Amino acid sequence: MVADFQIIGGGLMGLSTAYALQKRGASVRIIEAREGVGLETSYANAGMLHAFNAAPWNRPGVTRQLLSSLLDPSSAMKLRANAFPSIFKWGIEFIAASRPEPHWHATKNNYALADTSIKYADAWCAELNMQIDTSKNGLLNIARSEREFAAARKLTEKLEPIGFQVHALNVAETVAKEPALAPIADQLVGSFYYPDDYSADAFKFCKALEKALIDNECEIITGSKASGFLREYGTVIGVKTEAESYQAQTTIVAAGARTANLVRPLGLKLALRPVKGYSLTFQNLPGPVLPVIDDNLHAAVTPLGNRLRVAGTAEFTGFNPSLPRHRLAPLLGMLQSIYPEHSQGLTLDDATPWCGFRPMSADGLPFIGATKIKGLAVNSGQGHMGWTLCAGSAELLADLLLSNQTTIEATAFDPMR
Ligand SMILES: Cc1cc2nc3c(=O)[nH]c(=O)nc-3n(C[C@H](O)[C@H](O)[C@H](O)COP(=O)(O)OP(=O)(O)OC[C@H]3O[C@@H](n4cnc5c(N)ncnc54)[C@H](O)[C@@H]3O)c2cc1C
């Protein structure tokens with residue numbers, strides 16, 4: 001069957017794109033390499049829908065941090081020497097985009113997309129009656145030094161005029177919002193509270209979308225890795241896998257961090273690389289009620305139902321799926337320094353460890369839209385914001401492909417920029 005659309009990748013981006021297209025009446029097929037959907041980077045992320053975090057990671061000063069990480073095995077942001085050749089060109093663009101003007105351009109466009117995206121995600125959850133461990137109590141970003149507090153305030157002051165909701169809290173107000181922080185109150189100078197941001201389980205969202213898609217006759221082919229494209233007179237007309245070929249009017253690549261490798265043979269060069277991150281999930285660990293980000297530790301702790309998840313670190317190391325204890329131990333240390341009482345006595349053996357590969361674009365903006373190759377579009381590069389941005393990115397792409405009229409400004413995300 002020639003589908004209207006087929007999507008390579010069944011993570012947050014692929015499933016969301018399929019859902020947005022199907023809602024507009026299109027027939028959709030998903031081709032996923034793993035044995036099920038949502039099993040790669042969308043599986044055990046920090047679970048935060050956080051518009052406040054729209055600023056790309058290449059903020060001014062990142063070069064010094066990355067270079068010093070070469071000598072520090074426990075650094076939260078870690079550049080590995082063996083990754084140099086594969087990220088050299090990307091790295092130069094990443095650093096170039098850390099200048100104030102491009103950094104702000106990316107931040108404000110990401111924020112606008114995130115703000116809309118969260119509203120779409122809300123609407124989807126409601127229309128599908130999703131049970132995904134959602135906690136709508138807002139999100140807390142704690143600060144341990146005046147410098148950190150001032151830096152966060154500077155960013156939020158820039159975002160407030162474009163609609164951003166934020167409350168600066170002193171230490172007492174912070175502890176009132178999240179009583180589990182009381183044991184470290186003397187280490188805090190305050191926090192920022194974002195009432196519109198929230199947390200939910202991204203994998204459960206993937207599974208809920210999968211069910212809705214199948215109920216509406218979306219074909220989801222798992223365990224099938226796309227190895228190339230079928231072309232006719234330069235137009236992409238389908239996808240090749242080891243076993244079969246599949247045709248569609250339009251093929252969308254939403255293969256996370258692997259998107260760049262897939263489209264490169266077509267002459268498309270997307271400045272997109274994997275940035276590895278880890279999480280530890282603890283079962284039956286009640287207590288904390290709010291998702292909390294600690295910028296100083298580059299860590300996030302999120303209650304998801306009766307589970308507590310700590311996630312963080314950024315490693316520039318290619319697609320290395322290993323889970324070494326020396327990289328996981330600092331994550332446990334981060335949890336212990338945010339919630340020393342709740343995490344007392346916990347060891348790595350009490351946790352389910354996981355790693356994923358954030359699809360990080362060099363300029364901090366996702367790639368959403370048609371490419372210069374007829375019949376081919378992409379939806380990738382959402383980096384550390386993929387859960388936050390998935391519904392909005394999908395709605396934007398569906399509008400671009402089906403009506404060319406969008407409610408979200410699309411230029412900044414043009415894959416051919
Ligand atoms: C530690 C960590 C914490 C994070 N926390 C948050 C957070 O709190 N909030 C937030 O907004 N974001 C967060 N993120 C980012 C978010 O998880 C990602 O941006 C998002 O999951 C990316 O989704 P995706 O669909 O693009 O990629 P993926 O989930 O990786 O999906 C891509 C899919 O494509 C498939 N695929 C690849 N190649 C092929 C092929 N050749 N053929 C067929 N299929 C293929 C893969 O198997 C995979 O299933 C976090 C990421 C990490 C690592």
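**Values and definitions**

Modeller: Aspartate 133 lies in the loop between helix 4 (100–127) and strand 5 (139–143); helices (H or I, at least four residues) and strands (E, at least two) are DSSP runs, numbered from the N terminus. This is a predicted model, in which local features need pLDDT of at least 70 and side-chain atom pairs count only at pLDDT 80 or more, while totals for chains, interfaces and linings use all residues. Residues are numbered from 1 along each chain as its sequence is written.

Biologist: Why is aspartate 133 called partly exposed?

Modeller: A residue is buried if 20 or more other C-beta atoms lie within 10 Å of its own, exposed if 12 or fewer, and partly exposed in between, with C-beta atoms placed from the backbone. Aspartate 133 has 18 other C-beta atoms within 10 Å and is therefore partly exposed.

Biologist: Where is glutamate 217 found, and why is glutamate 217 called exposed?

Modeller: Glutamate 217 is in the loop between helix 7 (202–215) and strand 9 (219–221). With 9 other C-beta atoms within 10 Å, glutamate 217 counts as exposed.

Biologist: What makes proline 179 exposed?

Modeller: Proline 179 has 12 other C-beta atoms within 10 Å, so it is exposed. Its place is in the loop between helix 6 (171–177) and strand 7 (190–194).

Biologist: How do you know that threonine 302 is buried?

Modeller: Threonine 302 has 26 C-beta neighbours inside 10 Å and therefore counts as buried. Threonine 302 is found in strand 15 (residues 299–304). Not counting residues up to four places away in sequence, threonine 302 touches Ala46, Gly47, Met48, Ser199, Pro291 and Arg309; two residues are in contact if their C-beta atoms, placed from the backbone, lie within 7 Å.

Biologist: Which residues are closest to the ligand?

Modeller: The closest are Gly9, Gly11, Gly256, Gly277 and Gly386, among 42 residues that surround the ligand; a residue is near a molecule if its C-beta atom, placed from the backbone, lies within 6 Å of it. Helix 1 (12–23) and helix 10 (386–402) are among the elements that each supply at least two residues of this shell.

Biologist: How do helix 1 and helix 10 pack?

Modeller: Helix 1 and helix 10 pack at an angle of about 35 degrees, with their axes 8 Å apart. Axes are lines fitted to C-alpha atoms, for helices over the stretch in contact, and angles run from 0 to 180 degrees between N-to-C directions.
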